[in-house]
Amino acid sequence: MTIGFVMLCHTALERASEVARHWAIRNCPVVIHVDRRVAVAKYDALVKSLADLENIRFSGRHACEWGTWGIVAATQEASMIMLQDFPTVRHVYLASGSCLPLRPVEELIAYLSERPRTNFIESVTTEDVGWTIGGLDLERFTLRFPFSWRKQRRLFDGYVRLQRRLGFRRQIPKGIMPHLGSQWWCLTRQTLSAILENPDRAEIDSYFSRVWIPDESYFQTMVRQVSDSVESRSLTLSKFDFQGKPHIFYDDHLQLLRRSDCFVARKIWPHADRLYQSFMGNEPGAQAIAEPNPGKIDRLFAKAVERRTKGRPGLYMQSRHPNENWENGRTAAPYSMFEGFSDLFENFEVWLGKATGTRVHGHIFAPDAVNFAGGEKIYNGAICNSTATRDYNPTSFLTNLIWNTRGERQCFQFGPQDNQTLIYFMAGDPNAQISIISGAWAIPMFHSNRNFSDIRREAARLQKIEAHFLNELRKPWVKARVRTWTLAEFVENPMEPLQNIVDEISPRAMRRLTEAPRLADLSGFGQFLQNLRNQGMQPALMGDFPTGDDPRPLHARRGRPYLVK
Amino acid sequence: MGIFSQYMLRLARKRWRFRAFRKRRELQSVVNRTKAIKPEQILLFSTLRNERVRLPFFLRYYRSLGISHFLIVDNNSDDGSREYLAAQPDVSLWTTKASYKRSRFGVDWLNWLQSKYGHGHWTLVVDPDEFFVYPFSDTRPLRALTDWLDASSIKSFSAMLLDMYPKGPFDLTPYQEGQDPFDLAPYFDSGNYVVQRNYKFGNLWIQGGPRMRMFFQDMPERAPALNKIPLVKWDRAYTYVSSTHMLLPRGLNLTYDEWGGEKASGCLLHAKFLDTFALKAEEEMQRRQHYANSHEYRAYRAGVSTQPDLWCKWSEKYINWRQLEILGLMSKGNWA
């Protein structure tokens with residue numbers, strides 16, 4: 001008992017000839033079908049190159065345009081020849097010209113003789129397939145497809161739409177349960193002959209000849225009618241990408257293919273010399289017959305498809321530039337923005353860096369400087385600290401910073417005096433953790449030695465900017481993790497919010513804060529706000545700071561304040 | 001995009017093609033071996049001036065990728081480049097004394113040659129200091145890439161220009177003929193590139209890298225463009241608009257995914273900052289033949305004369321294409 005190969009070829013005929021010879025000299029008959037659209041000279045060369053082998057046949061040539069009946073007709077005719085001419089054949093294996101045997105054919109024969117009555121054909125009902133491209137699954141069987149998908153795409157799509165709108169349905173013949181599956185199968189003589197010698201075959205063929213992509217449904221459907229022992233998987237390793245075209249194997253897949261233990265793989269790049277050389281010389285090994293295990297290859301290709309469809313979040317580059325809201329993550333990693341903290345606390349950056357173990361920048365969007373952590377001039381990824389470059393494209397600046405420091409959380413200070421271009425970007429970014437002490441910008445002013453009329457004007461400007469930001473943060477489209485306090489609220493009880501923020505930044509630390517950052521001196525701040533009021537400017541964002549009632553003595557204490565819990 | 005602007009772009013394309021047709025008179029054939037070009041071969045087009053010392057490595061590099069034929073325009077070299085190229089069996093050479101600037105920096109000349117010899121071929125347009133790297137370029141020849149692009153119905157492939165530089169002054173170690181320039185200049189900036197969209201032509205406009213960081217940090221809008229689309233399945237109806245930054249019809253510029261995914265892309269390693277650079281900058285300043293009144297070269301010259309060191313502690317040292325992929329400078333897309 002042996003196995004016979006039916007090969008469908010349309011390009012790279014030299015490789016097809018090589019593979020056919022490989023099988024034929026190992027006593028496996030081969031029937032070759034060559035697409036009618038291949039030039040006669042090339043076809044003749046193929047026939048001539050295999051003329052010395054008596055167990056190779058060529059079947060009548062059909063034009064095999066993808067998605068049409070020609071491929072099935074070609075398969076039927078070639079299979080008939082196989083069954084008639086080679087009575088010792090028990091299994092017929094459908095392969096293509098770009099298939100490559102990965103394991104010695106003796107192992108395949110041994111594998112099949114252990115399963116003499118099993119048909120290996122992927123055959124799934126239309127409800128269960130997830131891989132059909134273009135949304136056509138059951139409709140493959142119920143609509144008409146008179147137009148070429150390749151050459152007349154608009155007509156094709158338009159006619160499908162028209163039929164859907166009119167509610168047109170072809171009748172599926174009685175007793176046929178549409179199944180779909182990979183085109184590459186391996187059937188027993190019994191099953192195959194039952195399909196081909198079916199008394200109703202003329203009728204069934206005429207139905208299927210107008211089904212869309214019948215090569216993925218004809219045998220897959222008919223096999224269910226004639227056989228009970230169907231193993232719904234293909235022995236051919238063949239992976240498809242998101243457009244429905246097969247992934248191609250190259251020389252550098254050699255080890256991967258070796259370890260897959262599959263019998264046949266497609267599709268192989270015709271110039272992959274090393275693959276052809278190493279697998280064609282395969283002699284049967286001594287090891288036990290292993291089950292095919294394409295897991296690794298599956299993962300590789302699944303990853304490739306994911307990269308093509310989802311991409312790496314937060315990456316903006318020459319071949320990935322998502323439209324707004326299609327970013328799949330605006331930035332690469334979570335980051336924290338603090339507004340007002342460095343005004344309220346002395347040396348807040350240093351304290352936060354210690355408490356969370358992250359990089360804490362100063363005001364990286366300040367109008368006069370890009371204050372990277374540690375006063376760096378150039379930061380990760382060679383981002384330079386030029387304000388002109390930053391303001392030229394602030395989005396690129398921020399996304400680059402987050403992308404370049406993947407794996408190390410970034411925290412930075414922000415304020416109403418800084419470049420505000422990115423407030424919408426950050427507010428809509430789920431990776432952003434935004435913490436704001438509103439009105440804290442007034443503290444440096446309070447400490448400054450400027451003329452009061454200047455202070456008043458500046459305070460009015462900053463208050464307007466911050467109020468706008470706070471207002472935007474209340475919009476329904478905001479995705480950032482936002483926390484806001486008024487200055488008065490925060491000063492009342494600074495430790496609890498700080499603890500929350502720190503816990504969120506480094507959740508695994510799970511320890512209580514022992515050291516509090518030092519509050520700026522606020523004695524007289526209430527009076528300062530009152531002065532602003534008296535000058536006609538209404539400070540609204542600081543919360544309720546009563547005049548004369550300075551905050552508690554926590555920060556009046558000298559030395560390092562420790563918190564005892 | 002309205003019908004009117006579409007029509008204007010069509011007119012622009014016709015105009016560039018006609019201009020290329022006119023400029024063909026400026027080209028004088030030195031050796032024409034284009035009869036040897038066979039269908040399906042990959043062709044390389046280039047313009048150059050006085051690059052003799054770089055040529056041996058350049059030709060070796062691209063031959064090893066699988067370029068079958070080089071079509072080169074020599075812009076009046078006087079250092080032996082022409083004689084050297086004419087002697088190569090796989091080079092077809094044209095020469096011209098005409099103005100580089102008025103041929104739009106060589107674009108017109110190459111557009112003409114491409115429409116004449118490149119139709120139906122995959123064509124790669126690079127300068128002699130640009131070295132094409134693509135996914136799997138260490139294990140798969142260029143033909144594997146173009147076959148895959150064909151199978152995926154992709155007509156153009158982008159490769160961002162990646163400026164490479166040495167540690168220390170450019171002229172610390174002189175470049176020797178035949179040497180891999182990236183032995184001397186192996187460093188690059190990994191993550192300071194600024195990307196924006198050009199809605200008129202549909203391409204991305206990328207700036208950044210060491211040049212922006214050092215020479216243009218106070219006028220970033222003038223920093224040179226780094227987006228390039230050097231590999232195209234050429235049709236005689238196509239035309240490059242400005243260098244290889246963008247093409248018409250504009251569909252060819254859509255080499256990026258807009259819905260979150262990544263398309264496959266490569267990089268052009270740019271070996272500009274070698275000891276030859278100062279000389280070149282000086283010469284170009286005299287000729288005033290470069291883009292935007294040689295603004296770029298003027299900025300460099302100001303920098304070069306104070307001995308700039310492009311290297312910084314965040315500079316990455318080039319290893320291979322996988323490194324560039326991980327850093328997010330290029331992508332495999334769904335090619336695996």
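The C-alpha atoms of chain A fill a box of roughly 110 × 60 × 45 Å along the principal axes.

Some housekeeping. This is a predicted model, in which local features need pLDDT of at least 70 and side-chain atom pairs count only at pLDDT 80 or more, while totals for chains, interfaces and linings use all residues. Residues are numbered from 1 along each chain as its sequence is written, chains are lettered from A and ligands numbered from 1 in the order in which they are written, and side-chain values use heavy atoms, with hydrogens and water left out.

Back to chain A. An automatic or database domain assignment sets the domain bounds, and chain A is divided into domain 1 (2-309) and domain 2 (335-555). The centres of these two domains, over C-alpha atoms, are 63 Å apart.

Now chain B. Chain B has 10 helices and 16 strands. The radius of gyration of chain B is 19 Å, close to the 20 Å that the globule rule gives for 336 residues, so chain B is as compact as a globular protein of that length. Its C-alpha box is roughly 50 × 50 × 40 Å along the principal axes.

Chain B also has two domains: domain 1 (16-128) and domain 2 (130-223 + 244-336). Their centres are separated by 21 Å, again over C-alpha atoms. In contact, meaning heavy atoms within 4.5 Å, are 28 residues of domain 1 and 36 residues of domain 2. Buried area is the accessible area (1.4 Å probe) that two parts lose on being put together, summed over both. Between the domains of chain B that area is about 2,700 Å², with 55% from carbon and sulfur atoms.

What about charges between those domains? A salt bridge is a side-chain nitrogen of Lys or Arg within 4 Å of a carboxyl oxygen of Asp or Glu, and domain 1 and domain 2 of chain B have two between them. B:R52 and B:E177 form a salt bridge at 3.4 Å, N to O. On the domain 1 side, α2(B) gives the most residues, seven.

Last, the interface between the chains. Chain A puts in 48 residues and chain B 60 residues. Together they bury about 4,400 Å², 51% of it on carbon and sulfur atoms. There are six salt bridges between chain A and chain B. One salt bridge joins the side chains of A:R307 and B:E325, at 2.7 Å, N to O.

Which element gives the largest share of the side of chain A that touches chain B? That is α12(A), with six residues. By class, this side of chain A has 20 nonpolar, 18 polar and 10 charged residues. Here Ala, Val, Leu, Ile, Met, Phe, Trp, Tyr, Cys and Pro count as nonpolar, Asp, Glu, Lys and Arg as charged, and the others, Gly among them, as polar.

Terms used:
Helix = DSSP H or I, 4+ residues; strand = E, 2+ residues; numbered from the N terminus. Rg over C-alpha atoms; globule rule 2.2 N^0.38 Å.
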